[in-house]
Amino acid sequence: TDLKPIVAIDGPAGSGKSTVARAVARKLGLFYIDTGAMYRALALKARQEAVDPNDAPAVIALARHTRIDLSYDPREGTLRVDLDGRDVSQDIRRPEITEHVSVIAKIKEVREIMVGLQRSLAEGRRAILEGRDIGTVVFPDAYKKFFLDAACEERVRRRYLEMKEKNIPVEQQGVQNDIETRDRIDSTRACAPLRRTPDAVYIDTTRMTIDEVVAAVIAEINR
Ligand code: CDP
Ligand code: CDP
């Protein structure tokens, strides 16, 4: 096909971005980039180094001395996240990391570093990227942009089930608080806020299965 290089997926937590982007990547042979994993890796490092997420200058200094690598295996469809050469793919999903990631992701200088990394990872590739600012900032000229959404209760339900399946101890109320807090921080920050824009295909996934969303995204890409 004459598929152009970049597909952008944005949306709030639990809207299905990672699951859908991964499946689309496999089906269309695209390189998959989970940009949230990069912010999570830095949040993990801040915690390890006892850097206060609210201390922006300290977080920026830390970011400048941190190596974050994403390695996507297209055959397995798996993504490994390395922090300073160590595999942290599991650790970055822990609730105490999730809790602080949005505070770190507000910082403009941190975002500049991450966006640079994301662009160089995608360079010369047909790639699908998912996050909060892909269509607005990272690749404003993306071939296709999507905004995935779902009712808040449904996103909480999904994330809660996911954590239970992974045996990560959480309470429904805790997941709800986390999602509401991150939604608010991510969409009200000054730098690259999460925003639904008219050039993105909007998909309300509240009552859709993953397969239905994947099919809708692929149909739109092939249109
Ligand atoms: O998977 P989940 O939706 O819980 O979050 P994520 O995609 O792993 O992203 C974690 C956090 O990183 C988000 O809540 C944002 O604060 C931040 N993020 C961002 O600011 N910009 C991106 N492009 C991706 C993530
Ligand atoms: O990346 P994001 O935070 O947007 O969402 P995700 O991690 O892809 O999806 C969160 C959970 O919801 C996963 O366990 C998915 O399997 C599930 N999900 C679902 O049940 N129905 C959908 N239409 C999309 C995702």
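Is Glu 154 buried or exposed? At 15% relative accessibility, Glu 154 counts as buried, where buried means under 20% relative accessible area, exposed means over 50%, and partly exposed is anything in between (1.4 Å probe, protein chains only). Before the close-ups, some housekeeping: this is a predicted model, where local features need pLDDT of at least 70 and side-chain atom pairs count only at pLDDT 80 or more, while totals for chains, interfaces and linings use all residues. Residues are numbered from 1 along each chain as its sequence is written, chains are lettered from A and ligands numbered from 1 in the order in which they are written, and side-chain values use heavy atoms, with hydrogens and water left out.

View 1. UniProt, in an unreviewed entry, puts the feature "domain: Cytidylate kinase" at residues 7-222. UniProt positions follow the numbering used here, feature names are shortened, and annotations may be inferred rather than shown by experiment. The span is 51% helix and 17% strand, and its end C-alpha atoms lie 12 Å apart. Helices here are DSSP runs (H or I, at least four residues), as are strands (E, at least two), and both are numbered from the N terminus.

View 2. A salt bridge is a side-chain nitrogen of Lys or Arg within 4 Å of a carboxyl oxygen of Asp or Glu. Side chains of opposite charge can pair when their charged atoms come close. Both residues sit in helix α7 (residues 152-165), 3 residues apart, which is about one turn of the helix. Arg 157 counts as partly exposed, at 40% relative accessibility, while Glu 154 counts as buried at 15%.

**View 3. Lys 45 meets Asp 84.** Here the closest N and O atoms of the salt bridge between Lys 45 and Asp 84 are 2.6 Å apart. Lys 45 is in helix α2 (residues 35-48) and Asp 84 is in the loop between β4 (78-83) and β5 (86-87), so this pair ties together parts that are 39 residues apart in sequence. Lys 45 counts as buried, at 8% relative accessibility, whereas Asp 84 counts as partly exposed at 36%. From Ala 58 to Asp 84 it's 26 residues in sequence and 18 Å in space, C-alpha to C-alpha.

**View 4. Another pair, and a network.** The side chains of Arg 189 and Asp 186 meet in a salt bridge at 3.6 Å, N to O. Both Arg 189 and Asp 186 are buried. Elsewhere, salt bridges that share partners link Arg 86, Asp 91, Arg 94 and Glu 96 into one network. Searching the whole structure turns up 20 salt bridges.

**View 5. Around ligand 1.** There are 19 residues around ligand 1, and Arg 40, Arg 111, Asp 133, Arg 159 and Asp 186 come nearest; a residue is near if one of its heavy atoms lies within 4 Å. Now for the polar contacts, meaning pairs of N or O atoms within 3.5 Å (within protein, one must be able to donate a hydrogen and the other to accept it, and residues adjacent in sequence count only if both atoms are side-chain atoms). A polar side-chain atom of Thr 35 lies 2.9 Å from a nitrogen atom of ligand 1. For Arg 40, a polar side-chain atom is 2.7 Å from an oxygen atom of the ligand. On its own ligand 1 exposes 530 Å², and the protein buries 99% of that. These accessible areas come from the Shrake-Rupley method with a 1.4 Å probe; for residues, only the protein chains shown count as cover. Helix α2 gives the most to this shell, with 4 residues.

**View 6. Around ligand 2.** Gly 14, Lys 17, Ser 18, Thr 19 and Arg 159 come nearest among the 14 residues around ligand 2. A backbone N or O atom of Gly 16 is 2.9 Å from an oxygen atom of ligand 2. Lys 17 has a side-chain N or O atom 2.7 Å from an oxygen atom of the ligand. Taken alone, ligand 2 exposes 540 Å², with 83% of that buried by the protein.
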